[in-house]
Structure formats: structure tokens, C-alpha cells
Amino acid sequence: MYMKEGEEGEEEYHNYPNIVLVAAMNSNSVGEFREGEIDGNPFLIYTLLSQTENPSSREAAVDSDGGTVDDLSVEPLILCPTLRLKVKNLKPYTSDSDRSFFPLVVSSHFPTIQSGHQQPEYMLQSYSCKLPLLPLFWCDNKNPNIYDFICRACTTIEQGTSYYVCVTCGDQFHKECVGAPLEFKHPFYPSLSLQLYSPPSGRVLCSCCQKPIYGMNYYCPTSNFTLHLFCAFKPIPFVIDHPKRHPHPLTFFPKQSFLPCHVCSLIKKFIPTYICIRCAFVVHQDCIYFPYVIKISRHHHRISYTSSLSSGKWSCGVCRQEVDNDYGAYSCNKCDDYFVHSRCALRRDIWDGIELEGVPEELEIIVEPFITISDGIILHFSHGHHLKLDTSKAYDENKLCQACTLPIYEGGYYSGVDECDFILHEACANAPCKKYHALNPYPLTLKVVTNEYHDNKGRFRCDACQRESCGFVYVDDFRGCYADTKDYKFKIDIRCASVSEPFDYLGHEHPLYLALNPEEEESAICHICQESKDESFSCKKLNCIECDFVICFKCATLPYKARYQHDKHFLKFYEAKEANDHSEWCDVCERRIADLRKKGFYSCDDCCTTLHIDCLLGEDMYMKPGHTIMYNMTGSRKHYQKKLHIHSNNTLSRPFCSECGERCRQKIVFEYKEKYIFCAVSCQKLVIDYS
């Protein structure tokens, strides 16, 4: 429960026996926004009240008599923000503790005898921060490096005007973040009462910069408005002069909630707005600095910003909604009919963050996946032997493509010339070595997953369908410009990589697109598996722009037709709602089809053969026999690596799973230490053995 500073808290905070709250009569007593100048331009600058120096200069402070002060006595005594956050850890844990905003109740004032504050008992603990923060003059106004600086209050590496350090815990902070009051009014949002909170563990975006929030933040429960500390205390320019965007100076206009922006065409209630009265030009503060030439994942050419569109009815190439001709957008100079909303084009999952204006285009070098030796004979980059083209005549469930790990159902495939069991679908063999995909703004490289792949793990998880696989993988080796994603590598299996826009799904009459934004995608439910966000591990989704049909990549990439060893016909995939027209029992597990009705099923209309998806393809359909995979395991304060050997489940007697106790019905089994057998990856994750 939130309580303002200065109120009595004995009854509300009986759960915090070791804390005496540090309170101030005025929540804004630490600092406030004042008029000032930076580089000769007028700004509103958040100033710590005992500081009187010019924020644009760190040379010397000025006292109340006009003389200079060379010591640090004008600096306020500020409590370490890390200690303020520790209050949350003392609250009794509930099931909603990690899902809710938690109000912070400890003031930023460091308790002193002169101020009359009691010494909090919490500060007497050996692990507590007992000293006030000290300024870091050596790094003022320098561009921070993620390895040298990260503010532990707002958890960003954004450049500040100056910085502080806690000599007890060693954490560093922006000056703008250390004096965060418990409640204040922001000049940009005068109607909102912003209160200091610790965020929940889930995805929370700043309403201003749209970047994730992980640290202390301001939150208004009534408006569901969240704000980074750093965004809250950034200097506010009264006038912005940016001739590249507009020929006249732009003036801050606080009454912004009803004006559409001429750059992005949107009305954004919580984004600061600037206007040119002479031209009746309105623009959001962040839109002023939008790039002019960019490359996005949804189009194969560069696109450039234009302030006016040609007449016609256009739709956005990302969200597929109408583009208003009266406002700015991005367009392709080589394609007459391709336009993208400004904010759609600059989404972090669409744009790589690089401005390309003035950068010459490079010729794309095409690397062929194989060398043609003779007619029908190739040497593929993934294998050392020659492969010959053949046509599938009879179905053999043991003939698996090494790239997608699925059986050879029909059509052409390549196999080893000299009795080698290496097989590739013809389509998989032609998969390009490098390609772009709509789900990622960076170029992808095709790689072979061997037992030594990715730190000897021998496997990967596809970022599109969330399936684990040991087939071929397209991986993004480019380190992006976004600091929080530089260590992340996008990975996608070869089947998901084949999905492009528009996608023609045989089970739906309309073309499908990647038209959902990240928030819509998280809440959307797949019409096939009907799995929620928590169940699907954030699968990517395709949707229909003509109706409400949504399908996740896990279901969209299932073979629409498949073969079963005991049926000479193809089995077709059906949605769960069609189950009443087919056999009631699965021919493999002999359980009711209705038991897994949400996920759909396969059926042969001629022979009445009906199977669950997992019974036909396997729960781990992208794992292949003869491969070794590894998992990092932790338990009983120990850490070790678990190696699993994948074998074909083709013995006369199906083994029992060491975890679930049932007979292994899948096509493969996982062996661990020659004494454990698992029927699926999900079973092995629960077993830890240190012998």
C-alpha cells in the first residue's frame, strides 16, 4: 500500500520491523524543475535543491552570497537507491508479488542528526549502504559504456549530466535518478500524479521512450502510465531548432492530447509535443529526430521518409492498416506502392537502428549452398560427400532430412552417392546460405547444428516456433546497436525461415501476415492450439487482415499432409473443431482424440486412420536420432552438464520412461548415463543425477 512521506506508518508497515522510514515533509524537497540554460538554450532542468551550480557546467558551485564554493558542502546527502529498493524484499511474498508494481516508501534523503531523522535499523546491518552517495566528476558528460557504467536505479546506460557512486556497494547512478522523490508532478504530464515504484517482473514499457523498464520507475495507476527515472528527469527544452525536420524553431506545447503529429500521424497523449505556430506544424518530441533513410526487415529495398504521399489508397507494409496521405510516412523509391507508418517502421523488431542517409548501398553477395558437380549431382556445403538427386517412391519413416529433420514424404531429395545416409529435401538443399527474414532486421546465416554447436549443446531453440531442434539453423551473428540486445542471437529453424509474407496457409482461405504489434501478438490466441502466452513461450504469430484468424508459427509450420507407416495414403491435418467427423480414437496411443482436441489431429479420409500430432510426428519432432545434445543443470547448489544421446525407438519392446513411468511411444528416445531413458525433452528436465 502506498503512503506519502510524512504520514505515520506504524500500522501499515508492521511487516517491516527493522525499518524506520526516512520521510520528508515535502516529497519534492530533494529537487525540482527550474528554468535554466544549457549551451545558451532555455531548458527546464531538474535540480537538487542544495545545488546552485549551472547544470551545463561542472566547474564551480555558487553559494547564496554569490561566492564560489570549492568543496562538496552544497551537495545534498542522498541515500543509496539500492537501499531504497531493498524494502521490497522485506514484504511477505505472495503469488502476485512479481506481477505487481510495488510502491517505494523510503525517501532519498540520507538521515542526519541535523535533519532530525532517526537512524534506520536497516542501515545498521553489515550488508547495508551506510554512507551517502558521492559525485563522480571524472565521468561527467562522457558517453557511458555498458562495461564501465550502468545506472542501478533506472538500469539504463543513457548519458546523463553527471553521476554518483555508493562507496559501500559500488553501484553507480545518474544524478537525475538518485534524488527521485516519492511523488511529483512532471511538466510534460501536469495532470498525472506520478509515484515511485518498483516494476513487476513481466514486460513493462516506458510510456515515453517505449523501452523496457527494469529498475525504479514512476507509475500512475489511474492512467496506467509508466516512466523511466531517466526519462522523468531529463532536461526539457522550451524550443527545439532542427531545420532538417522543419525550417522554423519548434516550441513546447503542453496541451498536446488532441493534436495529431504530422510525422507519425498519431495522437500520443503521453509523448511531449512541439508546434510551429507559423506553419500549424505539430510534432512529437521523439519524431523530430526520426531517421530519413532506413532498411527494415519487411522489405527488400531501403525506404525513406516523406512528408507527403501521392494520392491513392495505401496500406502499411507492417501493420497492414491504412496510411493517411495527409501525414508523413516511409516509402520505397523503387516500389511505387510500398508505404509504412513512421512508428511501424521504427519498431525495434523491424528496424536495425541504423540511419542510412548518405551511406552507399552495397551489392549483395550471393553464396550458393552447393556446387553442381554434374547433372543431378551436387556437393552441399553441409556435407563432405557428393549427393545425388532422387525422387521419393515409397515412404520410409527412417529417411529423415538432415536440415528440417522431417521424413521424406514425396518429391525430390538428395542422398549420398556412396552408401551415405545423409539426406536433404530438394527444397532444403536449395535454402540460401544467407537471407533476410521478416522476423529479424539483421542478415541471417545458415549453419549446421553438430554435437559441438553452440558451446557443445548440439541444439537450439527456434525464436519463431519455440521448438528445440538439432537441424539446420539460421542465426543472426550481427551485434545490433541496441545495448540490451548485443549479446542476443536470433535463431530460426529452416521451416520457420521459409515463411514469408503473404503466407498461404492451406487451412485458411485468406493470405496471412505478420501484422500484429508485439503487444497484440502477446495477447493473441492461436486458433489451432489455443495456447496462451505462458503456454506457448511467446511463439510468433501470423494473422489474417480480412478476418480474425490467428495462427502461431508452431502450428503454421506443421506439415499439412503427412505419411503414416501403416497407411498408404496421405494423412491431412484437421483443426480440433472438425474432430466429430473423424474417428474418435488415436491409432497409436489408443486414447481419445478429444484428449488433445485443442491442438488438432491428422486423419486419412479413405482409411479412417486418425492420430494425434505428437503420435504421428513426435513431441520433439525436430530432434534426430544419432545426435547428442546437452543441458546445463542446477540442483542442490551444484551445477553440471547433462548429455543426452538420441536413439531411434525401434526396439521390439518399447522402454519405460524414467520420469513419467509410461512406455515411450515417440519415434525417438533420450538416453542419459546408460541408465535413464526419457520419452521427451520435457521429461529429462525434471531429473538431476550427480552420480
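These are my notebook entries on what I looked up in this predicted model.

**Ground rules.** I number residues from 1 along each chain as its sequence is written, and my side-chain values use heavy atoms, with hydrogens and water left out. As the model is predicted, local features need pLDDT of at least 70 and side-chain atom pairs count only at pLDDT 80 or more, while totals for chains, interfaces and linings use all residues.

I began with strands, which are DSSP runs of E with at least two residues, numbered from the N terminus (helices are runs of H or I with at least four). Two strands pair if DSSP finds at least two bridges between them. I then looked at strand 7 (residues 163-165), which pairs with strand 8 over three bridges, antiparallel. Tyr164 sits opposite Phe173 of strand 8.

Are the faces of strand 19 (residues 303-306) covered or uncovered? Both are covered: Ile303 and Tyr305 are buried on one side, Ser304 and Thr306 on the other. Buried means under 20% relative accessible area, exposed over 50%, and partly exposed in between, with a 1.4 Å probe and protein chains only. I noted the general rule that side chains in a regular strand alternate between the two faces of the sheet. Strand 19 pairs with strand 18 (residues 293-294) over two bridges, antiparallel, and there Ile303 is the bridge partner of Ile294. Strand 19 also runs antiparallel to strand 22 (residues 329-331), with three bridges; Ser304 faces Ser331 there.

I found a cis peptide bond between Glu501 and Pro502, with omega about -10 degrees. Pro502 is in the loop between helix 7 (494-497) and strand 35 (512-513). Ala280 isn't a glycine, yet its phi is positive, about 55 degrees. Ala280 belongs to the loop between strand 16 (273-276) and strand 17 (281-284), and it is exposed at 54% relative accessibility. Glu590, also not a glycine, has a positive phi of about 60 degrees. Glu590 is in the loop between strand 39 (567-574) and strand 40 (601-603) and is exposed at 63%.

Lys599 is in the loop between strand 39 and strand 40, partly exposed at 33%. What does Lys599 touch, not counting residues up to four places away in sequence? I listed Ile528, Cys529, Glu531, Phe573 and Ile613, with contact meaning heavy atoms within 4.5 Å.

How many salt bridges does a search of the whole structure find? It finds 12, each one a side-chain nitrogen of Lys or Arg within 4 Å of a carboxyl oxygen of Asp or Glu. Glu357 and Lys244 form one, with the closest N and O atoms 2.6 Å apart. That pair links distant parts of the chain, 113 residues apart. Glu357 is partly exposed at 39%, and Lys244 is partly exposed at 47%. In another, Arg347 joins Asp349 at 2.8 Å; Arg347 is buried at 14%, whereas Asp349 is partly exposed at 28%. Last, I noted a salt-bridge network linking Arg298, Arg320 and Glu501.
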